[in-house]
Amino acid sequence: MGFCGACALLALLFVSSVDSSEPFQTTVKPNKGSEVAVSSQLPDCTVCTVSGVNDAQSSCQPSLKLEPEKEVKLLFKCPQPVEQSYNVTITSLIECTKDACSPATVEVQSSLLSKFSRTFTWKLKAPEKTLVSLKVLRTGLTKAPHPCSDGRQYSAVTSETSKEVLTRYCEGGSETQLDLSDQGVVTLEAKPNTQVESVLFQALAAPMKRVMTVTIGPASTVVLTRDPGKEECDVCVTSGASPDCHATEKTLKGAEKLPLEFRCLKPEDVFTVKMTTNIGCTQTSCSPASAEMDPDLFKGFRRTLTWDVTVPDRTVLTLGFPGLKEKSASENCEDGIQYTVSTMRIDGQMRTSSYCKDGTASQLELFGKTTVTVDVPKEGELDRTVFSSTAAPSRGRSLFVTSDPNTNLIITKVDKEADCQICVTEASKQTCKPQMYRLKNPRNASVDFTCPQPQKVFMVEINKEIVCTQTSCSGNPVQADNGFFPNYNRTFTWDIKVGTTQTFHLDFPGPGLRQIPNGGMCPDGHTYSVILYLHRAAPATIGTFCKGGPVTSVLGQYKGRVTLTVPSDVNLDPPDFQLKVGPYSEVTAIVRVKLPRGVSDTEFITPNYPKDFPDDEQILWDFSVPEMHNYSVQFSEHSAPECLEEGAAVEVEYQKEGKNPTRTALTGPQPQHQQGGFNLTVKNCKTNLTLPGLSLRYSVSVMRSGHPVLCTLDLTKQEVSVQIEKVGSDPLCEIRKDSKEEKTIHVAKGETAKLSFLDCPNEDLRLTATELIACPNALLCAPTLLSVPTLDPCLPMPLHSFSWFFTIPHEATLDLVSPTGSLRQSLSGQECDLSSVVGVGEKDGFFIGNFCSNGEIQKLQVHSNISITATPQDVKRSKEPLLNVSVSPEIKESIIYRISPNLTSPTILVTPNWPTGMKPHSSVSWIVDLPWMHHAHIKFAISGLKCENSHTRINVKHQEGGSDLLDINESEKMSTENTTARQSFYLNVTNCQPEGRDQFIVKATIVLERKTNLLPILLGLVGAVLLLLLILVVVCVVLRKKKSKMNSQSSIYMGKGNIFRPNDGHFVKTRADNDSHVYDYIDDSMVYGHLLTDNENISNGMQVDSYQTFTGPTDNTLPVIKEPDPEPKGQYQSFLSPSDTFLPPRPRTPIGRQDSLGFQDRRMMDNELYTFKSTGDMNTIRLSGADMEPQLPIMDESL
């Protein structure tokens, strides 16, 4: 026997050595009353009892039950780790009477098989209606549906036979007691090697009851109802001498701290709570003002809370919620809390809506009696304030309506469930209707709605009747009035009627219309329809249209209707359409279509599609196809009717202008890849109405034909550069230079380029040309006469603008003169003709102004590089000379104008870049020459500013000396100034560097007035005559004395040269004794040579064949002439001296004007024999630099 045990032990050891896991052996002894079971779900794992001498005997099986209080040695064998391979269940029984339990303390054999996963289970046995409470002795519990982190998880169920779901707990919470009943079960699951406390619960027994205290408001009623099929449970009110108990239903009314007793373990699973509260409202308030609910009242029960709210008539009830969203009947709320609002309509019917939380509806406006119900599940959490309630008199909505004649308003109710009606007051009489109201030609009618948001309930049709005469229609152009019900769903309808021998013609300008399927809606909310009322058939819908398409006009016979549908959330923005009377047409309707350029595929349908086209009617589409495009027609869907007449059929006819029509059938071939506009006519026959009729849906495809316009632009013989720019938005327009597509083409001077233009209208291209004129040496620059040159005729587009860019040295100035004599600046009210205007600007982009011919400006001088731009409008006129540009010496100002004011109208002078400010740190001058016997009134309009540095200044001064007429700067108040100039004057304006965005702008208005004081003139003439007589007398006396002293010697001092005597040996005889003063002949070319030249300006250079002062020999030193000191540089100079700007320095001579050889009589000009060409007064002109008298004006010839 011993040998056999030893063999068994050796075999066991051998098997253990083969296994991958070491066996585990332990000795256990379960406590009394505990049932211990050890099991494994793995097939190779067993638990063995070991006994006998040297543990030689063993019995192994997958599961094993241990007897209480019996020690046993166990051996666990498993190829897997034993801790994860075995489960241990320890089951104990707790027996209770009605007032005690055994054991009273629930203990755990914590060391029993702690290496494995253990499940401790306690089953309860108690009498009926007995509550067993297990008090947690250590750390409280908390409900936790997920596994516990410490490896110990509790679970409980009130009855093992019930269908109740286990409630799971973890340690570390506020639950200190588990309430159970007969057959209740409590379990503790411990993971391997997890320590378990030895004492867990204290078991108590007592009669089963649940006690609570509730407070119910005076306006509330609570009904507790036991759900059928649930366990029996009495609810008792214990406030009286004896408990008032009910087994199925108990009603509770307003009470303070009412004690309740439920005689079951979980009354929340048995009873449903229904609470009803009344809220009464007047027209101004509600009581109570809010629906309050104690969140802990019957917490854990399924509750249905109802508030009945009563309001008087014509009262708006406003309920405020924390935010609701309406739900459908099949939809469930996420948190289980559902709100239901029911209100009594005017017609006596109830309207009910359901909502969930977390929505955007924070207010509900209701009428009449209202019921609010909130369904709260057992786990639901409800706020203390459920909603607020306010009442106010029914405000509704009121509108005053006044329309044009022949206008009808039809207000129709579309929300049949809405509690709202229409009341219209006309002539102090009010009429109310619930569904529809028609107003014909309303005049000061008041329309009242009994609901606050009638735009959600009603739609409005605005109907106008348009009656056309033989030549015109009323209400043209046709416009939709946005003043009618702007926030409502609106349908504008226009009923049009013409004579039986006429048609009405609808023109849709601008973007046109696009046809869509009948019944469709447009993206922008503006949906058009055109309907015809035919003589022999029902109305036919010609088509439904949206804005933005190729349909430009529709023609119809006799009578028709145009509709425009606009929803309430869309602002009315329709294009006006024109209505005209057209001639009679056999065609029922004509639709004119202007197909777009480029690739397109446009769909069209017959009237009433997809329904039948009327019998014996025809429709015509007039298609305009763009040039250089091909079109194709494709019938996509159609139905052919059965014609009643023998041989009759539906006809499809195509016709082009100037060609015979082509007919085909619905199933026949349609035009493909053709060009030019065409008409498509569809004619129906008399059909069998019992069968499907005629319907057609087709498309017209357009594509480019691909023939570009070619141009070889040769600029090798022109000093011109060309730029061509795409300015249109058409993406199909292609411009190429030397086969490369460009957005902007540049062709420089001297270059040759091959250009091509594909599908580019002239208005989509902009052609500009420029010419650079450089003058490196001011002395060698010849005057330039500007005229727009002719460009290559292969360019298909017109010239938009031509610019000349002038560059000159810094010491030079550009003079601009009109070929016709004078210039005029284009100003507001004095605009130039666009065909002859030129724009002048400085090189830095600063604009000077626009100018044209025939004005007050004799010359414009600019001291900078400039650009001159012409925008020719007329090809013939653009070839005429526009401006004469020459180079002159440097001027000190930036710009100088030479002005001859207008005698008949005011002359306006403005600063450069008008009406914006002049350039900072620049100066401009006007030299104004007044006509003889005129003085000028000058009125200034000045924009004041602050200077950052330097100063602004305005100075007016007479040309012939004298003090300043006006001299102001920015420190003085600049707004309007007036002054008067008695003779020709200078005007100088200087700008500073303005602060910020300030601008310096000056406008001067010159008005001439003729001098009327004749006394000084008469006295001057008398004085002049006396002076002439005196001079003649003196001359006669001198001549007599010279003759008497002819033989006497005399000498003459010359400033330069030697002293000589006329009677020296060099002179043999006197002038009187010889013939030196006698001419054999006079050479006219020598005497009158200055008349043979074109240039009359004699101020620069010497005069030929005219008297010159003898200067004598040049070998002696010249006498020194003391000149006044020049003004220091850098100081402000309000004006330039005319000698510094236009004329060389001139001598100051004291001789009189008529005695000076620098003057000649204007009456003797332009006449070879110097004969007088007029008998007027002597009018001299200046030939030298001598000063002129202030009374005489500067003449044009002096320029």
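These are my notebook entries on what I looked up in this structure.

**Starting point.** I am working with a predicted model, in which local features need pLDDT of at least 70 and side-chain atom pairs count only at pLDDT 80 or more, while totals for chains, interfaces and linings use all residues. Residues are numbered from 1 along each chain as its sequence is written, and side-chain values use heavy atoms, with hydrogens and water left out.

I then checked the neighbours, counting two strands as paired if DSSP finds at least two bridges between them. Strand S68 (residues 857-862) pairs with S71 in the antiparallel sense over five bridges, and there Leu 860 has Tyr 897 of S71 as its bridge partner. Strand S73 (residues 923-928) runs parallel to S71 and is joined to it by five bridges, with Val 928 in S73 as the partner of Ile 899.

**Around S73.** In the loop between strand S72 (907-910) and S73 I found Pro 915, which a cis peptide bond with omega of about 5 degrees joins to Trp 914. In the loop between S73 and strand S74 (934-942) I noted Met 933, which has a positive phi of about 70 degrees although it is not a glycine; Met 933 counts as buried at 13% relative accessibility.

**A sheet of four strands.** Next I traced an open sheet with the order S9-S17-S11-S15 and antiparallel pairing. Its edge strands are S9 (105-107) and S15 (177-180), each pairing on one side only. S11 (residues 130-136) and S15 share four bridges, and Lys 135 has Gln 177 in S15 as its bridge partner.

**Disulfides.** How many disulfides does the structure hold? I recorded 17, taking a disulfide as a pair of cysteine sulfur atoms within 2.5 Å. One of them joins Cys 45 to Cys 78, S to S 1.6 Å. Cys 45 lies in the loop between strand S2 (34-39) and strand S3 (46-51) and Cys 78 in the loop between S6 and strand S7 (87-96), so this pair ties together parts that are 33 residues apart in sequence. Both Cys 45 and Cys 78 are buried.

I also followed the disulfide of Cys 643 and Cys 685, whose sulfur atoms are 1.8 Å apart and whose link is left-handed, with -80 degrees about the S-S bond. Because Cys 643 lies in the loop between strand S50 (629-639) and strand S51 (651-655) and Cys 685 in the loop between strand S53 (678-683) and strand S54 (695-704), the pair ties together parts that are 42 residues apart in sequence. Cys 643 is buried at a relative accessible area of 16%, and Cys 685 counts as buried at 6%.

Notes. Helix = DSSP H or I, 4+ residues; strand = E, 2+ residues; numbered from the N terminus. Buried < 20%, exposed > 50% of the residue type's maximum accessible area, 1.4 Å probe, protein only.
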